[in-house]
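Have the sequence and the 3D view handy.

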Amino acid sequence: MTFQFELRFHKSAVWMAVLTLGISAVLAMPAFAEKGTRCIVARDGKRVPLVKSTTQLGLVLKSSTSSKDCAARLKSGGYGVLSDFSADADVRTKLLNVAAMSTKQRKLIRQDMAVEEVRDVYYFEGHTVPFVSTGKITVRVKPGLSEAQRGELWDDYSVDVVKQRAAGLADVYVVRPRYGVTDEVLRAEVLAVDRRTVWAQPDFQTRVQKYQVSISDPFYSKQWHLENEGNEFGQADADIDVTEAWQVTLGEDIIFGMFDDSCDVQHEDLRANYVGVGDDITIQGDSPGADDPSPKSLGDAHGTAVMGLAVASANSIGVRGVAPASRFTASRGLNAAVTFEQIAGAYTFARQQNVDVHINSWGIEGLSLVPAVLEDAIETAFNDGRDLDGPDGEQRPRGMVVVFAAGNGDFFGEGRNLAFREFLATLPTVIGVGASSSLDQLTTFSDYGPEIDVIAPGGPPITTTDNDDAAGYVDPGFNTGGFDSISGAVDIDPSGLYHGGFSGTSASCPITAGVAALILSVNPNLTATDVRLILAHTTDKVSPSDAVYHGVTSRSLRYGYGRINAGAAVRAAQDSLSNGRRSWPERVGDVRVSNGQLLWRQNGDRLEFRVLEERASTQDDPETILSELRTTDEFLILVSAQPFDIVTDFPVDGQCYSNMQLGCSDVPSDQLAPLPDGVSIHSDANQAGVGCGFSCLAEGTAACEANSVHCMNFDASSGKKYFAIYARSNIGRYSFGVAIDSDGNVTDEAFIPGAASGTTPGTNTTDLGPKISIRVSPRLGTSPLTVRFMGNATSELPINEDKTTWDFDIDDDIAFNTSSRIATFEYTADAGETKTFTARLTMFDVNDNIGFAQTTITVTGADADDKTGVTTDAGEISISIPGGTGSDVDTGVSPFSVELSVNTSGLPGTLQAIRWDLGDGTTADSLFVTHTYVNETGGDLRLPITARITTLTSGTTVLTTTISRTITVQPGEGLNNGPGEIPVLDGAGASGAGGNATPCGVVNMLPVFLILFTLAGYRRFWS
C-alpha cells in the first residue's frame, strides 16, 4: 500500500504546482475532453468523441408484447419512463428515461420480469440521436495473422469472438468483452490502435433515417420526373430525359439491390421483375422469413415506393420505373433497431446475388463518422462486386454501383452541407445524390456538399408504387384505401396500390440508380467508376445563377455536377462500345507546388488498374497490358496571370488548343481551337518532360502506372500564376479540372473517388515512436487484486527513462511518472460488481517521439451474484522441481524451472477447463505445466501465479474458480541483452505509436504534462 500512499502525495504536490506555476501553460494548450469522455476511432485514425447518457438506458425486453405492462411497472416504481427506440414499435429494444444511473438502480430495473438486458446509451458529441450499446465490438485484424496471434490479441483485451467473417468480410470479427463486462466502447478504442488491428469500433444498435419527405399537397403530375412538359407547377424539360434513353434500352439484364425497410415484392407492378430471393437482416440464418423482404411491421412502406421508381414494369398498368426491364432483389431491416454489422451484411448479400446497382435511400443520423464495418462493406462491394467473365475466362470485377441519398436536412427547411465521411453519401466509393425540383432547382430540403456528385428529381411529390392494401400487411402503405395515411387527403389510386405523394432524396436516389442501370445495360463492361464519370459528365447544368458552377472544376457546392440526363448518359455508354470504354478520365489528384515545380498525380480507375496489374504479374509483356489502361499521360495545363474566370464548357472534348499540348503535336495550327482571353498553354523548354516521376528533366512521357506523379517547371520569380490542370484521354475527352495558384492554394483538391492507389484505410499509423509492450499478471481475479506490470520497448533512438509514465485507470485517472518499467498496483471492485480497467504505459525517446501500450485487468467483487462464481477458498496450486515428485517450493534462483499443477479435489463439479497466468506474461491451458522463470531486474522478483478453473456441476451450472500463489525468483545468471539493448517481451499488450494515437478516453494531455514536469518536477494526467 506504500505505492498508493505515494500516489496520493504526488497528487497534491502536482496540483499545488499547477495552481501556482503552470496555469498559463495549461491555458495555452488545446482543450481536452471532460472526464469520462470516450471516443470511436475512425478508419483514418481520427478520434470522434462520444457522450455516455446520464439520463437514458437501453432496455432489451424479452418480448415486444410485454412493453406496455413493463412501462407501467417501471413508471409506478419511479424507475423511469419507457419509450420506443425504433419506428417499429415491435422492436424489443426500448429507451428508458431514468432519474438515477447507479449500479443498484440498474440491477433493480434488470430484475423486472420483462427485461432481458440493460444497456448504456451513447450520443456522438454535438448530436441528439441515441445509439444503444450491444456490448459487442466489430474489429478488422491485419491480414495474415495466425490463429495463435489472433488468440493472443483476444486474450490481451479479454474479449471472445462471437462471429467470424462479420458482415461477410474477410478478417472482420465481432467480439464481446469477457466476464459479463460491457465496456465495449473503451475496449474498442484501445483495440483500434493496436498494431495487430486495422480498425475496431463498438457495434452500436441504431435506427436508420429514411430520406423521404412527406408532403400533403396534391401531386402535380403523375411522373413529371420522367417527362415534364411544363404546367403551372413545373418547368418544361425539368426531367431526366429518360424517353430518349428508352429508345436504346429499358435496362435489360441488370439487377438492382436495395437496403430499406421492406419491399412488396408481389406488387402487381414489381413482381415480374423480382429475382425470387431477398434478405431480411433482422432474421438469422435459415429461419422462416429470412429470405423474404416483404413488409412485416408498422412503418414498412418506404422501400416499396423506392423500388417502384427504379424498376416498376413497363406493363401498361400503374407506373413505370426508370429501368423497367431490369430485375431486383432487396434487403429488409431499415425500420428495425439493427447494428452496424447487420447493415453491412446487406452488401455481402448483394454481392452474393451479383447485384449491379444498389439503392440506398436512407442514412444514419447523429453520427460523427461512418462506421468502419459499413464503410468496409461498401468498399468491398465497390472493389469486388459485379464479377464478369473476361476474354481469358477469368472473373473481372467491375464494381457494384452504390447510390446513396444525400439526405433531407431538417425537413422543410434548409439542407445541410455534409461533412466528408460523416455521411454515407460522401464516401468515395458511392454516388451521392441530392434532390432537384420540377423547376430544375435544388429543393430547399436537399443536403449538399463537395462530395455529392449529382442531383435528380425529388420534389414536389412523385407518383410511385405502394404496398398492396389487399395483401394483408401490418402496414398497408402510404395510400390506405385511397387516402394519404399522413394527411388524410385523397390519394391517386382508390385501390391503394399507388401513392402520389412520395418525395425527398429518397426519390432522387432510385431515379439516379435507374439511369446507372440503363448505362450498364448498354455496356456491362463499364466499371463503377465509369458509371459515375458518365453520370457526372452528361448532366445538365441547371439553374447556373443559383448553382454557381466553378469554371475549372465544373462543380457546384449545392448542385454537384448538375441534374442527371438519362438520354445523354446512354449515348455516352453507346460511345464507349466503340472506343475501348474510354469515356472521361478522372481529374488529377494530389496537386501541389514545390520549389518552382507544379506536381500532380495521375488518377486512374483502380478497378482497371487492379485487373490489368493482375494480368501483368502473370504474363510476359506487362508494358503492353498496362498500355490498355483507360487512364492518360496527356494533360492540358493552362496558365493565367489572373484567377480563372472560364465558362463551364471549356475545354471542349476533342479539341486541341496548342501544338505544345500533349497529344496535339501533329495538329495543324489552323485547326487549333482558341484559348480564353488571358490564358496560355504551358510551354517552356522542359514541356516534353511532363510525365512520370519527380524530375521534370526526363525526356518523353513514359507509360505511367497507378499513382504516378507528374511535374512541370515554372518560373516562380515572374509573379503569381494561376494554373488549371485537366487530364485528357486518348480520344480527346477532358476530365474535370483542378485549379491551383503558384502559392499552392488548391480548389477541388480532394482525393479522387476510385483513384488507383493510396494508403490502406486504417493503416496510416506513424512509426516514429518507441514500440511498447506490457506484461501483466494476473490479468483477472477477485477484489482486492494486486497486479504486477512489466513494460519494455524497442526504439530506433534511446529511451528517455525519466518520462516513463503509468496510468492505472483509477477513479481520478492519475498518471504516475515512475521512471520505471515495473510497477505494482492494487485494484478493487465493489461486492457484486465486475470491473475492467485499462492500464497504460507511455514512453518517449530522446527526441520526444511517443509510444504507448495498454492492457486490460478484470476484477470481480467478492460476492458476485451471477452464474459465474469467482472464489479463492478451494483448490490449491502446487509448485515443484521438475522430476521431484512431492517437492513443494516457492523460491528459486534465475533461471528457475518449476512444474505447476492444481489439486481440484476440493472443487465442486467436474473439471472442464483450466487457464494459467504464470505471472510473467505466459499463459497455458493444461493441468500440468513446466515453466522456466528468468529474473533480469537485479533484485528479487515476486510473481503472482493464477489458475482460472472452470467446472460443471450436476445442475449444469458453470462455476469459475480463481486461485493464486506467489513465486519468488532471485537474480541469477539470467539473460544478457548486451549494453544499450532493450529487452523485448513476448505476448505483450497492445502497442501503438505516434502522438496521434492517444485515445480520448485514456488521456490526451501529454504536452501539458511536459510543461508541468519542467515546472514542478511531476506530471499528472486528466481525462
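Contact here means heavy atoms within 4.5 Å. Keep in mind, too, that this is a predicted model.

## Two helices side by side

Start with helix α8 (residues 340–352) and helix α9 (residues 372–384): their axes come within 8 Å and cross at roughly 10°. Angles under 35 degrees count as roughly parallel, so α8 is roughly parallel to α9.

Which residues do the meeting? On the α8 side you'll find F340, E341, I343, A344, Y347 and R351, and they meet V373, L374, A377, I378, T380 and A381 in α9.

How many aromatic pairs does the structure hold? There are 23. Take F714 and F723: their pair is tilted, with 5.2 Å centre to centre and 55° between the planes. Buried means under 20% relative accessible area, so F714, at 11%, is buried. F723 counts as buried as well, with 1% relative accessibility.

Now turn to W806 and F808, a stacked pair with 6.0 Å centre to centre and 5° between the planes. Both W806 and F808 are buried. They also belong to a cluster linked by ring pairs, along with F789, F825, Y827 and F837.

## Charges over rings

The charged end of R320 sits over the ring of W246, 4.8 Å from the ring's centre. Elsewhere, R558 lies over the face of Y448, and here the ring centre is at 5.9 Å.

Key:
Residues numbered from 1 in each chain as written. Predicted model: local features only at pLDDT ≥ 70, side-chain atom pairs only at ≥ 80, totals over all residues. Heavy atoms only, no water. Axes fitted to C-alpha atoms, helices over the stretch in contact; angles between N-to-C directions. Helix = DSSP H or I, 4+ residues; strand = E, 2+ residues; numbered from the N terminus. Parallel < 35°, antiparallel > 145°, perpendicular 65-115°, else oblique. Phe/Tyr/Trp six-rings, centres within 6.5 Å; stacked < 30°, edge-to-face > 60°. Buried < 20%, exposed > 50% of the residue type's maximum accessible area, 1.4 Å probe, protein only. Lys NZ or Arg CZ within 6 Å of the ring centre and 35° of its normal.
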